[in-house]
Amino acid sequence: MAEPIHLDITDARTICLRLFGLTATIVALPSERDRNFLVTSEDGSRFVLKIANAGERREMLEAECLVLNHLAPLGLCP
């Protein structure tokens with residue numbers, strides 16, 4: 001199992017601004033090994049910023065993405 005990632009809300013805010021041009025409110029979400037954040041943009045749109053652990057197996061990351069893509073249209077993800 002990969003070690004947990006050490007990123008905080010400030011890091012997430014910087015990633016959102018630099019990579020996506022979003023100024024947002026950030027709330028940390030629970031996770032075992034990755035870092036997940038609920039991102040609420042200034043217009044109220046909500047996203048999940050998921051920072052995958054580089055030490056995680058690719059198959060595990062692909063499975064996680066498939067689950068999130070399946071749940072999103074059902075409104076089961078923030």
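**Grounds for the assignments**

Guide: In this predicted model, S1 and strand S2 (residues 35–41) are joined by six bridges in the antiparallel sense.

Visitor: What makes S1 and S2 a pair?

Guide: Two strands pair if at least two bridges are found between them. S1 and S2 have six bridges, and therefore they qualify as paired. A hairpin of five residues connects S1 to S2.

Visitor: Why do strand S1 (24–29) and strand S3 (46–51) stand at the edges?

Guide: The open sheet has three strands in the order S1-S2-S3, with antiparallel pairing. S1 and S3 each have a single partner strand, so one side of each is left without a neighbour in the sheet. From one strand to the next, the twist averages 25 degrees.

Visitor: Which strands does H1 touch?

Guide: H1 packs on the sheet and touches S1, S2 and S3, where contact means heavy atoms within 4.5 Å. The direction of H1 makes about 130 degrees with that of S1.

Visitor: How do you know that the span of helix H1 (residues 9–20) is close to the one expected?

Guide: H1 has 12 residues and reaches 16 Å from its first C-alpha to its last, and the expectation at 1.5 Å a residue is 16 Å.

Visitor: What caps the N-terminal end of H1?

Guide: Aspartate 8 does: a side-chain oxygen lies 3.1 Å from the backbone nitrogen of threonine 10. The cut-off for a polar contact is 3.5 Å, so this pair at 3.1 Å is within it. After H1 comes glycine 21, with a positive phi near 65 degrees.

Methods
Residues numbered from 1 in each chain as written. Predicted model: local features only at pLDDT ≥ 70, side-chain atom pairs only at ≥ 80, totals over all residues. Heavy atoms only, no water. Helix = DSSP H or I, 4+ residues; strand = E, 2+ residues; numbered from the N terminus. Expected span 1.5 Å × (residues − 1). Polar contact = N/O pair within 3.5 Å; in protein donor to acceptor, adjacent residues only side chain to side chain. Axes fitted to C-alpha atoms, helices over the stretch in contact; angles between N-to-C directions.
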